[in-house]
Amino acid sequence: MVQVYIVFFKLLICFVLGYVLNRTHVLDMRGEKILGEILLKAVLPFMIISSSQTKFSFDELRAMAAMFAFAAAYYAVAIAVARVCYRQTNTSDDEQRVMTTCTVFANTGFVGFPLMHALYGDRGLLLAAVFNLVYNAFFYTYGAHIISKKPRFQLSELFSSTVSAASIAAIVLFIIPWRMPGFINSAISMVGDMSVPMAMMIMGSQLAAVDIRRLFFDWKPYIVSFIRLMLIPAVALLAVWGLEHTFTMQGDTAKVMVLMCALPCGSMNVLYAEKYDTAPDLSTRIVTMSTVLMMLTLLFWTWIVRTVL
């Protein structure tokens with residue numbers, strides 16, 4: 001457990017650094033956007049590709065298949081339940097749509113990839129990449145459909161994501177017998193290693209630009225953050241615990257399953273809410289609150305999965 005505390009301490013240092021850089025006017029919104037583009041289009045794909053260079057085994061392949069099935073079941077159930085439940089609340093249609101997507105779609109890339117890599121190495125990252133593939137399939141189809149209120153899915157955007165392409169490539173590279181020469185893989189890993197500090201600094205900088213006081217005068221971010229950070233991972237833990245006693249799971253597969261369900265609300269919810277003018281202010285407040293609380297809740301769930309699973 002000491003190693004987990006060390007990992008979260010490193011994340012906190014990078015997070016605080018980003019906050020300070022924003023407050024001292026070294027890093028502004030334009031800088032955040034540039035760093036975010038570099039992270040999503042270069043650094044994260046390199047990190048994902050690097051994770052594929054582990055030794056092939058059928059046990060790992062079965063773990064990836066289990067992760068794919070678990071993620072598909074999670075999104076199918078979560079979308080249906082969230083959509084029905086939020087329709088019963090005394091909120092506008094736009095707010096219900098944003099609350100649904102923020103509840104279901106977490107920050108699997110920005111936070112999930114660096115965290116799984118830091119906690120469980122290349123194996124954890126490869127499993128996270130599989131989970132993220134399912135995320136992309138659901139978000140760019142049904143998720144985008146909910147926020148945009150358009151009658152058709154956005155299939156074109158599903159295949160335009162660099163992270164999706166890297167995830168597919170990593171799975172293929174893992175399955176085939178060929179492995180990259182050591183000097184090439186080390187160069188790719190060197191670029192990918194920037195993902196953790198870069199992601200945390202961006203999030204710290206984004207937090208510094210938000211008026212935290214505005215978060216405390218609306219009940220909706222509280223509800224969504226509680227469901228996203230506590231209720232969903234609790235249900236996932238029970239489901240995974242039951243599956244683990246029914247089927248054999250390899251290594252840390254069960255832990256990664258639960259932690260991928262314990263991540264804060266994804267920033268893509270804000271981008272799409274702003275793009276289609278679907279309660280963008282509410283989306284921003286929800287994502288901000290869940291990001292503020294994630295350090296405590298993620299540490300809690302990391303301890304829980306290590307104790308229970």
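**Pockets, cavity and helix packing**

Tutor: By class, the lining of the second largest pocket comprises 24 nonpolar, 5 polar and 1 charged residues. The model is predicted, with local features needing pLDDT of at least 70 and side-chain atom pairs pLDDT 80 or more, while totals for chains, interfaces and linings use all residues. Numbering runs from 1 along each chain as its sequence is written, and side-chain values use heavy atoms, without hydrogens or water.

This second largest pocket holds about 670 Å³ of space. Its lining has 30 residues, and F70, Y74, V235, A236 and A239 lie nearest the centre. Helices α3 (58-86), α4 (93-104), α10 (219-244) and α11 (253-260) each give two or more residues to that lining. The largest share is from α3, with 13 residues. Helices here are DSSP runs (H or I, at least four residues), numbered from the N terminus. On a 1 Å grid over the protein atoms alone, a pocket is an open set with protein on both sides within 12 Å along at least five of seven lines; a cavity is a set of points where a 1.4 Å probe fits but cannot get out; lining residues have an atom within 4 Å of a point. Points join across faces, edges and corners, and volume is the space filled by probe spheres set on them.

Now the largest pocket. Its volume is about 1500 Å³. It is lined by 45 residues. Nearest its centre lie Q206, S267, M268, V270 and L271. At least two lining residues come from each of α2 (29-51), α5, α7 (162-175), α9 (195-208), α12 (268-275) and α13.

The largest cavity has a volume of about 50 Å³. Its lining is F8, L11, V111, P114, L115, M200, M294, M295 and L298. Helices α1 (2-23), α5 and α13 give two or more residues each. By class, this lining has 9 nonpolar, no polar and no charged residues.

Two of these helices cross. The axes of α5 (residues 108-148) and α13 (residues 280-308) come within 13 Å, at roughly 40 degrees. That makes α5 oblique to α13. Axes are lines fitted to C-alpha atoms over the stretch in contact, with angles from 0 to 180 degrees between N-to-C directions. Under 35 degrees is roughly parallel, over 145 roughly antiparallel, 65 to 115 roughly perpendicular, and the rest oblique. The crossing of α5 past α13 is right-handed, meaning that the near helix is turned clockwise from the far one by less than a right angle. V111, L115, L119 and Y120 of α5 meet M294, L298, T302 and V305 of α13. Contact means heavy atoms within 4.5 Å. V111, L115, M294 and L298 also line the largest cavity.

Finally, α2 and α7. Their axes come within 9 Å and cross at roughly 15 degrees. The pair is therefore roughly parallel. This crossing, too, is right-handed. From α2, L40, K41, L44, P45, I48 and I49 meet T162, V163, A166, S167, A169, A170 and L173 of α7. By class, that contact has 10 nonpolar, 2 polar and 1 charged residues.

Methods. Ala, Val, Leu, Ile, Met, Phe, Trp, Tyr, Cys and Pro count as nonpolar, Asp, Glu, Lys and Arg as charged, and the others, Gly among them, as polar.
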